[in-house]
Amino acid sequence: MIVVGFDPGFGTNNCTGCAVVDAERGIVLEHRRLRANGRGDDERIASLVAAIMDACRDARRRGATLCAVELPTSGPNARTLIGLARVVGVITACAALNGLACLTIQPAAAKQALSGRGNVNKQEMIIAAQRQ
């Protein structure tokens, strides 16, 4: 099964992570960082829509049938958490428009699936993804 996964990011210094994986073989087929460009929140969301639509289309071409989205569970403040929730909505909509079934997962479950431990930090996740 080919799955496209997203780790939502929002703000001027953050990006949304995206990876297409072959779940049966346990390999990463493609990964990319999607930047939210623009002056305000609305411009950044609009730029993400285009990038996420492209990522979902590319994933479908690779045979993906499922989209997994990591749920934001916290943020430095309410504004950031609301922005992350908006990004999750964009990802979910883009996935549906591209014929992908979508599921949301808790961060610990995503970390467990990729690294074998549910409490790794971001740098350890990057290393685990590069090993795949």
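In the predicted model, Gly99 lies in the loop that connects helix 2 (78–97) to strand 5 (101–105); helices (H or I, at least four residues) and strands (E, at least two) are DSSP runs numbered from the N terminus. Gly99 counts as partly exposed because its relative accessibility is 49%, where buried means under 20% relative accessible area, exposed over 50%, and partly exposed in between (1.4 Å probe, protein chains only). Its C-alpha atom is separated by 8.1 Å from that of Arg60, a residue 39 places away along the chain. Asn98 is found in this loop between helix 2 and strand 5 as well, but Asn98 counts as buried because its relative accessibility is 14%. With residues up to four places away in sequence set aside, Asn98 touches Met53, Cys56, Arg57 and Arg60, contact meaning heavy atoms within 4.5 Å. Residues are numbered from 1 along each chain as its sequence is written. Because the model is predicted, local features need pLDDT of at least 70 and side-chain atom pairs count only at pLDDT 80 or more, whereas totals for chains, interfaces and linings use all residues; side-chain values use heavy atoms, with hydrogens and water left out.

Helix 1 (residues 41–61) comprises 21 residues and reaches 30 Å from its first C-alpha to its last, close to the 30 Å expected at 1.5 Å a residue; the expected span is 1.5 Å times one less than the number of residues. The buried residues of helix 1 are Asp41, Arg44, Ile45, Leu48, Ala51, Ile52, Met53, Ala55, Cys56 and Ala59. Their cover includes strand 1 (2–7), strand 2 (15–22), strand 3 (27–35), strand 4 (64–70) and helix 2. Helix 1 is followed by Gly63, which has a positive phi near 100°.

The largest nonpolar core has 27 residues, and those with the most contacts inside it are Val4, Phe6, Leu34, Ile52 and Cys67. Such a core is a set of buried Ala, Val, Leu, Ile, Met, Phe, Trp, Tyr and Cys residues joined through side-chain atoms within 4.5 Å. Two or more residues are given to this core by each of strand 1, strand 2, helix 1, strand 4 and helix 2, with helix 1 giving the most, 8 residues. Apart from neighbours within four places in sequence, Ile52 is in contact with Phe6, Leu34, Val90, Ile91 and Cys94.

Strand pairing requires at least two DSSP bridges between two strands. Strand 1 pairs with strand 2 in the antiparallel sense over 6 bridges, and Val3 has Val21 of strand 2 as its bridge partner. Strand 1 also pairs with strand 4, in the parallel sense over 5 bridges; here the bridge partner of Val4 is Cys67 in strand 4.

Over the chain, the secondary structure comes to 4 helices and 5 strands, in the order β-β-β-α-β-α-β-α-α from the N terminus on. The radius of gyration is 14 Å, which agrees with the value near 14 Å for a compact globule of 132 residues; it is taken over C-alpha atoms, and the globule rule is 2.2 Å times the number of residues to the power 0.38. Of the 132 residues, 35% count as buried. Among contacts between residues at least 6 apart in sequence, 55% join residues at least 24 apart.
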